[in-house]
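Here are some notes for reading the model below. Take the points in order.

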Amino acid sequence: MRNTRRTLLTAIAAVGALTSVAACGGGSDSSSSGSGKAGGTYNFWDPYPQFDASSPWGKLVTKCGTDAGVKVKRTGMDTTDLGNKALLAAQQGNAPDVMLVDNPVVSTLVEAGILNKTSDLGLDTKSIQKNILGAGVIDNAPYGVPIGANTLALYYNKKILSAAGVDAGSIKDWNSLTAALKKVKSAGKKGITFSAINTEEGSFQFLPWFWGAGGDLTKLNSAKGVAALSLWKQWVDAGYAPKDVLQNTQTTSWQEFATGDYAFSENGTWQLGNADKAGFAYGVINIPGQNGGSAPVPTGGEFVTVPVQKDSSRYDVSKKIVTCLTSSTNLLSTDTALTYVAPTAEVQAQQVKQNPELKPWISAVAAARGRTSGGLGTKYPTLSQPMWTAVQSALSGGKSPQAALDTAQTAAGKG
Amino acid sequence: MTIARVDRRAQRSPAGSGATGTGQRTNTSALRRRQRRGSRLTALAFIAPLVVYLAAFYLYPLYRNLDLSLRDYTVRSFVQGDAPFSGLDNFRTVLDDPTFGPAMRHTLVFTFASIAFQYAAGLALAVFFNRHFRLAPTLRALFLIPWLLPLIVSASTWSWMFNSESGVINYALHLVGMSPVDWLNSPDWALTSVVIANIWIGIPFNLVILYSGLQNIPGELYEAASLDGAGAWQQFRRITFPLLRPVSAITLLLGLVYTLKVFDLIWIMTKGGPGDASSTLATWSYQLGFGTLLPKFGPGAAVGNILILIALVFGLLYIRVQRRQEA
């Protein structure tokens with residue numbers, strides 16, 4: 001029975017177009033030794049396929065395993081695949097021992113009942129900044145330790161702004177930003193680029209404006225939500241933002257900005273490395289709220305989690321690996337490599353000392369919220385999809401912002 | 001088929017040698033029975049690999065997909081495997097969803113527009129290349145390129161060409177003095193854009209099959225027709241088209257099944273957007289099952305099953321038409 005079920009599962013995996021079934025099969029090896037004994041292989045999944053075994057991250061993972069007395073088998077996979085792969089693996093009873101997942105996925109995995117509470121494992125999360133930890137907290141219990149956080153801000157091209165006579169410091173609210181875009185456009189340059197694609201990325205990019213207007217995710221079609229969507233629509237209609245924002249991922253939107261034609265780009269911490277290579281002077285400001293101040297931005301970044309195992313004696317070693325990965329020294333080097341903001345005040349201070357450019361990002365992260373925070377949990381995905389659909393139908397001219405968000409609210413209500 | 005043939009051959013030899021006496025006859029019939037059983041086992045052994053293959057790779061996934069669509073799966077019950085049976089609830093959810101109507105309409109428009117143009121263009125090209133002029137083989141090979149390219153390459157290329165800011169198509173429109181079109185970003189054009197790309201991809205398939213069909217039409221018919229004074233158009237209408245009918249039927253059916261399930265092209269170019277302006281049943285099914293952070297396996301599988309049903313209906317229709325043609 002067990003065996004047939006397993007083959008069957010493999011078959012679904014094939015049907016579901018999840019290509020690398022091999023990765024699921026490579027789950028935890030339950031025959032390996034338990035806690036007391038040294039040795040054994042521990043499985044580790046992360047969404048960083050770009051890092052191979054010789055990268056600093058790959059080396060760190062290996063080292064944390066060796067320090068805990070075990071061999072760690074690391075598998076990196078695409079972040080969009082990781083959640084579904086984890087669900088399939090858990091169904092087959094071979095989830096990895098330690099898994100790094102994107103923060104909004106944590107609540108889905110907790111809902112599936114496959115993650116351990118950090119308190120049950122004896123992991124300490126006291127030093128972690130509250131709002132960063134928030135995305136992994138369900139019913140007041142954290143289910144993972146953030147490895148770092150990233151978020152969104154506005155990159156600007158200094159040359160274009162000065163040519164258009166705009167002072168970046170004067171941008172305090174939506175009106176001053178729109179006025180700046182107008183000046184840029186009349187100076188013959190392009191205004192702003194962002195990603196309004198119909199995936200989670202689109203929602204991630206829209207949230208700073210939605211929250212910046214004071215919007216509440218449980219009431220998508222409130223006047224505040226409509227104001228945020230109207231702002232974006234106004235930019236697209238006036239030509240301040242290109243129409244192809246509807247197709248843009250955050251990467252392609254960055255490529256547009258990197259051409260040097262755009263004054264602003266809404267993008268993330270992770271582009272800092274590319275920004276230095278772009279070949280023009282750039283600056284970073286926080287995304288303004290509707291009436292001034294910094295808009296709350298959504299937190300990005302991954303959590304280290306420990307999936308439920310049949311053999312609970314494995315947790316001791318898993319805990320050692322997690323503690324090692326999230327120790328202050330290792331956080332500093334990991335977050336530097338990923339250009340993430342560290343989740344603890346102590347490491348953030350060290351980061352600023354190393355690289356003063358990170359300062360606006362640290363204040364942006366301090367003002368950030370988890371998408372699944374505030375008790376939303378797995379309700380977030382059922383709100384996010386109607387929201388990105390609404391953004392698409394409004395910007396493409398199919399519907400007015402109000403009508404689009406009304407439809408979204410109805411769809412979200414059905415959940 | 002295989003079983004029958006093996007049986008017959010096995011029967012023949014003992015029947016020939018055992019026609020001498022009654023005592024021997026009972027003996028032979030026992031022997032015959034034993035041999036028949038043996039040959040039946042052999043026959044089963046021969047078809048077993050095929051049956052196992054079909055069951056593992058066709059029946060089981062189909063059964064699982066049906067099972068998924070009839071149960072109320074949440075992420076928790078998916079992991080624990082204890083999802084309650086919910087009958088046709090998932091199908092009801094899907095049919096009531098405001099996305100269903102547009103997705104169904106887009107699927108039909110996408111499929112029939114693609115097939116009509118692919119077939120027309122494929123047939124025109126096949127007739128053209130059938131004239132055996134110099135360079136015809138080379139040109140024909142060039143027309144196969146869309147078929148050889150990985151779909152992700154052609155789809156990405158089309159999506160760059162259609163880009164409203166920097167795409168080459170809008171640039172060409174600009175050169176001839178027309179205003180740019182928001183190909184992929186406008187709800188009025190997105191579906192048309194993916195249909196255009198899909199037609200381009202489907203032409204080689206139609207060209208190859210129809211061309212091979214043309215090869216089977218005897219040249220004498222055309223000679224006789226031209227002696228009788230039939231022009232090119234009449235030859236096409238009275239000879240080529242009727243004689244090509246069986247080949248056309250299978251081309252259209254295969255094209256229909258291929259086009260109904262097209263997912264990757266649309267997903268790469270528009271992800272069903274903007275809004276749901278170019279979402280079809282295939283993309284919607286994927287969207288439900290894998291496109292959000294919280295997968296909805298049940299409704300996703302239900303949409304997939306509806307798609308299979310549609311393909312099945314057309315398949316049966318084809319078989320009926322074919323029977324009538326043979327009769």
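**Notes on chain B**

1. In chain B of this predicted model, confidence is lowest in helix α1 (residues 2-17), at a mean of 43. Helix α5 (residues 100-129) is highest, at 94. The score is pLDDT, the predictor's confidence in each residue, from 0 to 100. Helices are DSSP runs of H or I, at least four residues, numbered from the N terminus.

2. Chain B averages a pLDDT of 86, and 92% of the residues score at least 70. Over residues 1-20 of chain B, pLDDT stays under 50. For the complex, the predictor gives an ipTM of 0.79 and a pTM of 0.82.

3. Ground rules: residues are numbered from 1 along each chain as its sequence is written, and chains are lettered from A and ligands numbered from 1 in the order in which they are written. As the model is predicted, local features need pLDDT of at least 70, side-chain atom pairs count only at pLDDT 80 or more, and totals for chains, interfaces and linings use all residues.

4. How many residues of chain B are in contact with chain A? 30 residues of chain B touch 38 residues of chain A. Contact puts two C-beta atoms, placed from the backbone, within 7 Å. Elements α2 (22-69), α3 (75-80) and α15 (281-290) of chain B each give two or more residues to this side.

5. Chain B is divided into domain 1 (2-69) and domain 2 (98-326), with bounds from an automatic or database domain assignment. Their C-alpha centres lie 44 Å apart. Four residues from domain 1 and six residues from domain 2 make the contact.
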